[in-house]
Amino acid sequence: MSTVHEPTTTAGAVTAAVGLSVWPASTRERPHGDLAVGGVPLAELADRFGTPVYVLDEAEVRDRCRTYRDAFPDAEVLYAAKAFLCRAMAHWMDEEGLGLDVCSAGELELAVIAGFPPERIVLHGNAKSPHDLETALRLGVGRIVIDSPSEIARLAAAVGPHGHQKVMVRVVPGISAGGHEKIRTGTDDQKFGLSIADGYAAHAIARILGQPQLELTGLHCHLGSQITGVKPYLGAVRRMVGLMSRLHEQHGLVLPEIDLGGGHGIAYRPGEQALDLTMLAGRVRAELREACATAGLPVPRLIIEPGRAIAGPAGIALYRVLSVKHTGEHVFVAVDGGMSDNPRPALYGVRYAPRLIGRRSTAAPARVTVVGRHCEAGDVLAADADLPADVRPGDLLAVPVAGAYHLSMASGYNLVGRPPVVAVRDGRARLLVRRESLEDVRRRDVGL
């Protein structure tokens, strides 16, 4: 086990703590400018596994699961597997008592292969394929979230007249929330769900009630991603309970579940705002009780679906600097990864705070742009980043908050291969997902 030096309680240590505020709780500064996470020096991991490499702090993942369970003791917490999924992650979620929400047969089968109980899995998706539905029914998935009217007949036919499947309906509450227009999903001008305002949701629910093999257990919504305020969730509760009240009046229907989705915002850089989970839990519960009391309905069981908020802060991406280029007033620091392992800056304009590790620099900070190796002008990993002015080829850069939507959105661009994932805990490191090799690519290329 590597030696870890605890920071002292000096003014310098306070400054360091602020700088490490978005890093896993296990992060410690080491001599010579290195950092250790989970008791393992990051420079050691880069040497052992190569770069780029994703590092995932297992204890941080588990602690965040427990934080959700403590904040929502009476709710069902489902981990949004799209943020990042591998067999180990599914195993950790199972051990920590969370369920899973998945968006494809691939995610579903991987989780079940890892031993995750299918009855604790929910299948989402705005355009589920026949294979997705067949796999869900074959494996015995707990619930399927219906996202469009056409799914109702297809699912009922797949279940068969003597079968049974629990379903929810994804509704659009007409609330705009989220950190970027491309990740706002609670309004009527995007592809997900059925609108409450225009009656499509109520019409779909009436059709489901006409299919005895489909058991409607509740309503589902998802407002978007990177939401840092509580207010949008309270508005969603009110509108969903309003629909529940109308369904009760029209059909005598009492739904036992309400799913508010996820989208809980996290900080990617020191000083950024994150969603206050304790406040969210308290105010959502109070709003749900009040709205149900006004409507004369029993309080349904709450379901939430955090993904990024569990995986994101537990991950770090490590890169090796390949070149430093001065162009006019700009300084470009190019690394051996890029948009193939993290497309989020190009897609959403996300900003990160990379840090030099592996050596201690006394140079003044300089404003630089950290760019990737790919043949795209938009291949930027961190714009306006502060790094030591003497950053040079061969240096190591560490990017915190890299556990969500990095590997899960990684591509095969330029055939550089997707990075490996390494878990750290208690001074030990182990490989979870190996690096994608050219041999992997060659095996898929079957034509000549």
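**Pocket, strands and sheet: the basis of each term**

Colleague: How much space lies in the largest pocket?

Modeller: The largest pocket holds about 860 Å³ of space. This is a predicted model, in which local features need pLDDT of at least 70, side-chain atom pairs count only at pLDDT 80 or more, and totals for chains, interfaces and linings use all residues. Residues are numbered from 1 along each chain as its sequence is written, and side-chain values use heavy atoms, with hydrogens and water left out.

Colleague: What makes a set of points a pocket, and what is its volume?

Modeller: On a 1 Å grid over the protein atoms alone, a pocket is an open set with protein on both sides within 12 Å along at least five of seven lines, whereas a cavity is a set where a 1.4 Å probe fits but cannot get out. Points are joined across faces, edges and corners, and the volume is the space filled by probe spheres set on them.

Colleague: Which residues line the largest pocket?

Modeller: The lining has 27 residues, with Pro354, Arg355, Leu356, Asp386 and Pro388 nearest the centre; a lining residue has an atom within 4 Å of a point. Two or more residues each come from α1 (11-19), β16 (355-357), β17 (365-371) and β18 (380-388). The largest share, six residues, is from β18. Helices (H or I, at least four residues) and strands (E, at least two) are DSSP runs, numbered from the N terminus.

Colleague: Why is strand β9 called largely enclosed?

Modeller: Buried means under 20% relative accessible area, exposed over 50%, and partly exposed in between (1.4 Å probe, protein chains only). Seven of the eight residues of β9 (residues 165-172) are buried, so the rest of the structure largely encloses this strand.

Colleague: How do you know that β9 pairs with β8, β10 and β11?

Modeller: Pairing requires that DSSP find at least two bridges between two strands. Parallel to β9, β8 (residues 143-146) has three bridges, β11 (residues 214-220) has six and β10 (residues 194-195) has two. Among the partners, Ile146 faces Val169, Lys166 stands opposite Glu215, and Val171 is bridged to Leu194.

Colleague: Why are β1 and β3 at the edges of their sheet?

Modeller: The open, antiparallel sheet has the order β1-β2-β3. β1 (28-29) and β3 (40-41) each have a single partner strand, so one side of each lacks a neighbour in the sheet.
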